[in-house]
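Subject: Structure handover

Hello,

Please find the structure below. My notes on what was found in it follow.

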Amino acid sequence: TSMIGATFFGVDNYQAGRDGGIVLGNWIKQNWDGQLDHLIVLEHTTGGPLPAARITGQIDGLQEVVGEIPPSRMVYVEDQDISGETEAHVRRILESLPDEHRLAFVSLSDTDIAEIVSAARKDGREQDVVCVVQGAGTRITRSEVRRPGSSVVTAVAYRPEKYGEQLIDLAQRILRGEPVPPAVYVKHVVLDANNINDFYPEY
């Protein structure tokens, strides 16, 4: 929810999702000849329209690159961010698709990544799984982005450590009576192994 007349400050959820989906699509194009067996969508329908926009953006960005994915090749899983639940979901999906080796995952946040990777490793299916991560707030996420051969091809970082300076600038503009747009979006960054140390050099 938001206050009527207030300026929205936060993530452009759709665009952040789309940017990550495009990178995922390019990876699939380069490594899987643009083909995937299934797209698994870990969604949080109880989160409302903003998280939904992030998921929709990822799917749209992916399809911009690889083309339309038939509904029969899309698996939607309701994921509630309960510890261990995501891993259990992913393991069930992997067990149900034993002969498929091109499985792409999209999810809402970087809290899912450790469990997705763990499930793939436990089942010996890490090379069958590729995913895009929304957020880079955990060391596990950043470590996976750096690691050669990781299932994680990109993480879209919102960099909350930079929110303060952007908010101060916005507040000063409002106090000076300057016109401001109805929505001011944080500057997200698409991370991969080539640029992650530019933004997170220490860990």
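Is Glu87 buried or exposed? The relative accessible area of Glu87 is 14%, and because the cut-off for buried is under 20%, Glu87 counts as buried. Please keep in mind that this is a predicted model, so every value here is computed from predicted coordinates.

Glu87 belongs to helix 3. Its side chain makes a polar contact of 2.7 Å with the side chain of Lys122. Apart from neighbours within four places in sequence, the residues in contact with Glu87 are Glu115, Ser118, Ala119 and Lys122.

Gln134 is another buried residue, at 1% relative accessibility. You will find Gln134 in strand 5. The side chains of Gln134 and Tyr158 make a polar contact at 2.5 Å. With neighbours within four places in sequence left out, the contacts of Gln134 include Ala16, Gly17, Arg54, Ser107, Asp110 and Val156.

Next, the nonpolar cores. The largest has 26 residues, and the members that touch the most others are Ile40, Phe105, Val152 and Leu191. Two or more residues come from each of strand 2 (38–43), helix 3 (85–96), strand 4 (103–106), helix 4 (113–122), strand 5 (129–134), strand 6 (152–157) and strand 8 (189–191). Helix 4 gives the most, with five residues. As for Phe105, residues up to four places away in sequence are not counted, and among those it touches are Leu24, Ile40, Val90 and Val132. There is also a second, separate core of 16 residues, which includes Leu24, Leu36, Ile59 and Val130.

Strand 2 is worth a look on screen. Why is strand 2 described as largely enclosed by the rest of the structure? Five of its six residues are buried, so the rest of the structure largely encloses strand 2. Strand 2 runs parallel to strand 4, and four bridges join them. Strand 2 also pairs in the parallel sense with strand 3 (residues 74–78), over five bridges. Leu39 can be traced in both pairings: Leu39 stands opposite Ala104 in strand 4, and its bridge partner in strand 3 is Met74.

Last, the confidence. The protein has a mean pLDDT of 87, and 94% of its residues reach 70 or more. Confidence is highest in strand 4, at a mean of 96, and lowest in strand 1 (residues 8–10), at 79. Where pLDDT is low, the predicted coordinates should not be read in detail.

Regards

Note on methods. Residues numbered from 1 in each chain as written. Predicted model: local features only at pLDDT ≥ 70, side-chain atom pairs only at ≥ 80, totals over all residues. Heavy atoms only, no water. Core = buried A, V, L, I, M, F, W, Y, C linked by side-chain atoms within 4.5 Å. Buried < 20%, exposed > 50% of the residue type's maximum accessible area, 1.4 Å probe, protein only. Contact = heavy atoms within 4.5 Å. pLDDT = per-residue confidence, 0-100. Polar contact = N/O pair within 3.5 Å; in protein donor to acceptor, adjacent residues only side chain to side chain. Pairing = 2+ DSSP bridges.
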